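Me: I'm new to this one and would like to learn how to read it. Could you walk me through a few features?

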Amino acid sequence: MNGMKKIRLIFFVFLFADIQGNLFAQDKDLDYSLSKYYVKVTTGYGIGTNGPYQNFYNGRSPSLYSGKSGSGFYSGASIDYQYNTNLGAELGFGYEYGFKNDIPDFNVRFNGNMWQTVPALVFSSKAGIFRPYIRTGLIIGVPEVYINQSDYNQLLRLHGGMASGMQGALGCSVPLRNKKWVVFTEASFNDIGFVPQQGTIVAETFAGVNQMPYLAEIQKETVYKKSFNPGANTNNQNQPYIAPEIKQPFNAFVINAGIRLNIGHMPVNAVDDYVSQHMLFRLNAGYGIATNGDLDYKTGTTTNAINVSYGTGLNYGAGVAYMFNQTIGFDLGANYVSSPGIKAEDGGTLSTNLFNDYYNLKSAYGNMFQVNPSLVISTHIHKLLPYARLGMILGSGNVYFNSENPRAYLNGNYYDRQTTERFYGGLQTGYSATVGAAFWLSYRYDLFVEACFNNVYDIPVKGQIIKDNYNNVSNLTNENISDKNFNFVPSYPFNLNQNPNVPTAQPQVDFSFNACVINIGIRMWFKRVNT
């Protein structure tokens with residue numbers, strides 16, 4: 001907390017000591033909004049996003065809580081190098097001091113803190129005295145989470161290990177008249193998940209009496225394992241409790257403001273105009289790799305934690321972009337994601353955030369159609385055209401579960417039952433940050449390669465059993481609406497008198513489509529004029 005106060009103090013000293021009542025200004029020969037090198041300080045406020053309910057285990061008490069540890073105050077500083085007037089590199093350092101989040105239904109309160117480093121690329125353009133920019137980079141953090149369970153008057157600390165993820169930011173800066181200082185504001189999107197190695201009970205009381213001296217090691221310490229064997233927990237009270245891995249999201253939408261000190265100034269013509277770019281059309285194909293997905297489990301002789309995202313797999317896309325000038329434009333893309341999903345091992349089952357292994361879940365897969373409006377900023381290095389995009393994802397997805405039960409009971413008999421369930425409905429929102437480079441093939445065509453970091457969850461509205469076979473014979477025609485249809489609702493009402501003609505209510509769930517997608521494609525220019 002003291003470090004955060006110091007950073008804020010430096011921020012306000014920088015701001016008020018040098019403005020001196022002057023207005024914003026611009027020089028025609030030098031670009032005072034940029035320099036070859038600069039340092040900056042920033043402070044901001046974050047709102048946690050995409051925090052599904054997470055299973056949480058330790059030797060004392062299983063529980064359930066919603067993870068939004070990205071909520072809190074953010075402070076940081078960075079050093080920057082500007083390659084040309086449109087492209088630079090940044091190395092940032094920061095700290096998040098998390099808010100306390102209450103889950104009244106489970107009598108749980110938690111908050112998270114994290115030191116973080118963010119190496120990033122910065123693409124900027126110019127609009128009068130303003131300089132809009134896109135920053136895309138990695139987040140490498142050292143988090144910790146505190147969970148207070150009031151039922152036990154217990155405080156648990158989750159710690160150990162590092163977390164990594166991605167960040168995309170859209171901002172705008174403007175120089176002050178004194179020609180050394182630049183003020184800026186930005187909105188950043190952080191996608192990062194923390195998988196702790198340990199859980200430690202740091203405080204516990206009962207009837208006002210400290211219970212810590214009376215707790216055995218297996219009650220105070222938990223070690224989280226990627227591969228978990230239930231037989232690992234013995235009656236030895238002097239060893240930690242062993243549990244499967246858990247995940248705590250630190251996803252957040254952060255509003256930042258700050259000030260920057262320029263060290264020298266860059267000539268306006270540091271980059272010669274290459275082309276005046278107008279409208280283009282692109283086609284691309286690629287493959288997605290899971291990033292900050294859901295933590296699900298494969299069960300068999302052991303329980304194995306797996307990072308699951310339905311954004312993995314083949315991705316196909318197309319888009320149209322209009323460039324307002326040589327460096328900044330608007331891009332409208334459309335993408336289709338088809339994921340192979342996950343499969344259980346032979347003789348094993350899957351556990352997800354919707355079903356446990358006693359449902360005999362064998363496989364899960366999904367797809368999503370996405371529309372992606374974005375801002376794009378580009379530059380050029382000879383015939384190489386680096387660029388960045390940042391924008392929203394609007395999606396419509398489907399997730400499918402295949403289950404098997406070799407001893408399903410129906411009408412007095414046991415059958416081999418096979419079911420397929422579809423979860424769908426609703427408009428999903430998220431964001432995408434992209435960094436790439438195009439190679440100028442000719443007057444009309446470019447070849448490009450890009451990495452897209454997508455953060456979007458599918459929160460279905462409806463579910464439906466689309467296959468229900470008993471000994472390979474369909475039973476769907478014998479089932480009423482409530483047997484094979486259900487609606488997901490935020491508040492789950494338990495109803496013993498279910499109307500057979502109304503879909504069953506189920507608690508709300510979500511499925512991660514987060515992924516890093518590597519695309520390759522071609523761009524065709526409708527109009528491209530050499531300057």
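Me: In which sense do strand E2 and strand E19 pair?

Reply: First, some ground rules: this is a predicted model, where local features need pLDDT of at least 70, side-chain atom pairs count only at pLDDT 80 or more, and totals for chains, interfaces and linings use all residues. Residues are numbered from 1 along each chain as its sequence is written, and side-chain values use heavy atoms, leaving out hydrogens and water. Strands (E, at least two residues) are DSSP runs numbered from the N terminus, and two of them pair if DSSP finds at least two bridges between them. Here, E2 (residues 37-48) and E19 (residues 252-263) are antiparallel, with 12 bridges. For instance, glycine 46 has valine 254 in E19 as its bridge partner.

Me: How many bridges join strand E12 to E19?

Reply: There are 10, and E12 (residues 181-194) runs antiparallel to E19. Alanine 187 is bridged to isoleucine 255 of E19.

Me: Is arginine 389 buried or exposed?

Reply: Buried means under 20% relative accessible area, exposed over 50%, and partly exposed in between (1.4 Å probe, protein chains only). Arginine 389, found in strand E29 (residues 384-410), is buried, because its relative accessible area is 6%.

Me: Which residues does arginine 389 touch?

Reply: Contact means heavy atoms within 4.5 Å. Not counting residues up to four places away in sequence, arginine 389 touches several residues, including Arg282, Asp331, Glu450 and Cys452.

Definitions and conventions
Helix = DSSP H or I, 4+ residues; strand = E, 2+ residues; numbered from the N terminus.
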